[in-house]
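Thanks for asking me to look this over with you. Please keep the structure open beside this note and find each part as we come to it.

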Amino acid sequence: MSEDVLFQLNGVGKSFVKGKEKISIFDDLNMSIERGDFVAIMGPSGSGKTTLLNMLGGVDQPTSGEIWFDGTRIDSLSESALTRWRAQNIGFIFQFYNLMPMLNAQRNVELPLLLTKLSKAQRRKNVETALALVGLSDRAKHMSSEMSGGQQQRVAIARAIVSDPKLILCDEPTGDLDRATADEILEMLQLLNRDHGKTIVMVTHDPAAAKYAKLTLHLDKGKFVQREIVA
Amino acid sequence: MNDLYLIYKNMTRKPLRLFLTCFAIFIAFLIFGAVTSLKTALNSSVELSADNRLVVFNRINFTQSLPISYFQKVAAVEGVKDVTHLNWFGGYYQEQSRQIVSLAVDPESYLRVYEEIVIPEEQKQAWFNNRQGALVGEKLAQIYGWKVGDRIPISSNIFTHKDGGYTWEFVVSGIFKGDSEQYDTRQMLFHYKYFMETQTFGNDWIGWMALTTDDPSLNEKVAKTIDDSFANSQSETDTSTEKSFNKAFIEQIGNIGLIIFSVVFTAFFTILIVVGNTMALAIRERTGEIAVLKTLGFSSARIFRMVLSESLLIAFIGGLSGLAAAWLLVEGVKTFLARFLPNLILDGDIALQALLFMLLLGIITGLLPAFNALRLNIVSAFNRQP
Ligand SMILES: Nc1ncnc2c1ncn2[C@@H]1O[C@H](COP(=O)(O)OP(=O)(O)OP(=O)(O)O)[C@@H](O)[C@H]1O
Ligand SMILES: [Mg+2]
């Protein structure tokens, strides 16, 4: 495995048992994601994009094959080890933002830091930095109900980066936003990738969104059918 | 921010629901505290009452008086060893709320009949020789910081002093103990003669009598002789052992007590179900959020603890305030009920029992939701999202 590879999937299979039926989504998926890459995953609905992202993020496990992350094989980790691994390595961004409604922006961003050993002061500093990066320093005390969708997604981005993870996973991060706001969010992801060296994997339906990525993978019927590299 | 803050924020996100839940628990523990105190007091007053002492009350009820002439007649009944008479004074110290069990008695015969009273000989003599003297129980003296020689003004909520007003002045002649720890010394005794001369209610009556017999086997016969001798008179009597008198009195309340008790426990059970259901609902509403927390890296154990802490917190907020209210209630009424229930108190045992119930309530109502949260699968939780 090359030094530059962050993720390596070897012969990954995933199937569900529904009643007596076995639904196979992937049976032999192979891919690698390089450090510092910005990958968009596209494909028709039901092609397994979310399932793949869940496996990359360690919230779901393959039924066969291996997933290697930065030299660690994560598909065989126990649930609690995987939980710790997620806290240390992955930032998540969801389609519906998924902020805690009873916490203000600042505290939502602080949430992942409860899983670290950082001091109070250090935590406050990290939160401020993350909020500043997404341009929401002035909204620190706002509740999610007081913010637009775009603003909420920016808080979610701040939450995803506050503990400085290597990888950011986004499932349809702009699926619920209008074009202009979506572009803002995508520019922000691009900036995180380009200027802060974050590796990003983003699932999207939207070809315009995929253009922000360096690499687009097309998934269909459990296989990658096409690979586009944006100059 | 820490987990406690998250728990607090989760708990208070629906203030009305939180309030109603806590209120239900509050009521449950208010009733629990009050009823358990009452029950304990009822039981202890039966246990503490003597079996070898007879009490003679007016047949109509125990608040009606008897003529003083009965005292000599009873003393002459065969088998009676010692007899004494008592008047309920309805005293309080300075404020109506500081009720004191205070009795006007015939000192010498009283101490013969109530042998459990322990007092130094010189204080006893001092009391006998001082018309205005009073014997004060050790606990009562402690409460108000009274010492031998102190002059204490005690007011009555029943009688009027012939000089006007409701207040009598007494001198503390002695401080008595009981011969056992259980004997309730929150009471005071003073001279019947002094009381009679200074009150405005006529002077030939007594409240009730207490007597000992030569042998317990004579009790029944003596009681019958006394009641028979006053049959068809103006004031008929009812003589029974102190214990059976208390028991009869308590059984009247006791039946009500049983009803209250079943109501309380039905209420308790209902509240348990309601709170449990509310808790389960509250956690189910947060399925998505719990999935997010897990995704971010919060461990299942930590989420389990947070949910369980929340239900424990609610149980203790409602429960402790209910227990506090019960304590206030008991403290408020205990002086008024002192005559019937001298041991009415919400003590450490009851509080401990209540705390245990709060703990149980919190655990039972939180366990299932916490367990569901623990087991929550992130992927299926997100699949359920809009
Ligand atoms: N827990 C599950 N049990 C059974 N089948 C599942 C489960 N999760 C996903 N699937 C199935 O796996 C397939 C892939 O689902 P997935 O959510 O990964 O698709 P997707 O590419 O993200 O689709 P969309 O674009 O609609 O989000 C679908 O057919 C889905 O019904
Ligand atoms: Mg999907």
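The points below go through the ligand site, the contact between the chains and the salt bridges.

1. A word of caution to begin with: this is a predicted model. Please keep that in mind as you read the distances and areas below.

2. Let's start with ligand 1. Because residues from chains A and B surround ligand 1, the site is shared between chains.

3. Now look at what kind of residues these are.

4. A polar side-chain atom of A:K49 sits 2.7 Å from an oxygen atom of ligand 1. A polar backbone atom of A:G46 is 2.9 Å from a ligand oxygen, and for A:H205 an N or O atom in the side chain is 3.3 Å from an oxygen of ligand 1. On its own, ligand 1 would expose 630 Å², and the protein buries 69% of that.

5. How much area do chain B and chain A bury between them? The value is about 2,200 Å², with 68% of it on carbon and sulfur atoms. Chain B brings 24 residues to the contact and chain A brings 22 residues.

6. What links the chains here, in terms of polar contacts and salt bridges? Between chain B and chain A there are 0 salt bridges, but 6 residue pairs are in polar contact, counting pairs with both residues at pLDDT 80 or more. On the side of chain B that touches chain A, the elements giving two or more residues are α1 (3-11), α10 (287-296), α11 (300-334) and α13 (378-383) of chain B. Of these, α10(B) has the largest share, 6 residues. By class, this side of chain B has 11 nonpolar, 7 polar and 6 charged residues.

7. Finally, salt bridges: the whole structure has 28 of them over all chains. One to look up joins the side chains of A:K14 and A:D60, at 3.0 Å from N to O. A:K14 lies in strand β1 of chain A and A:D60 in the loop between α1 and β4 of chain A, so this pair ties together parts that are 46 residues apart in sequence.

Notes:
Residues are numbered from 1 along each chain as its sequence is written. Chains are lettered from A and ligands numbered from 1 in the order in which they are written. This is a predicted model: local features need pLDDT of at least 70, side-chain atom pairs count only at pLDDT 80 or more; totals for chains, interfaces and linings use all residues. Side-chain values use heavy atoms; hydrogens and water are left out. A residue is near a molecule or strand if one of its heavy atoms lies within 4 Å of it. A polar contact is a pair of N or O atoms within 3.5 Å; within protein, one must be able to donate a hydrogen and the other to accept it, and residues adjacent in sequence count only if both atoms are side-chain atoms. Accessible areas come from the Shrake-Rupley method with a 1.4 Å probe; for residues, only the protein chains shown count as cover. Contact means heavy atoms within 4.5 Å. Buried area is the accessible area (1.4 Å probe) that two parts lose on being put together, summed over both. A salt bridge is a side-chain nitrogen of Lys or Arg within 4 Å of a carboxyl oxygen of Asp or Glu. Helices (H or I, at least four residues) and strands (E, at least two) are DSSP runs, numbered from the N terminus. Ala, Val, Leu, Ile, Met, Phe, Trp, Tyr, Cys and Pro count as nonpolar, Asp, Glu, Lys and Arg as charged, and the others, Gly among them, as polar.
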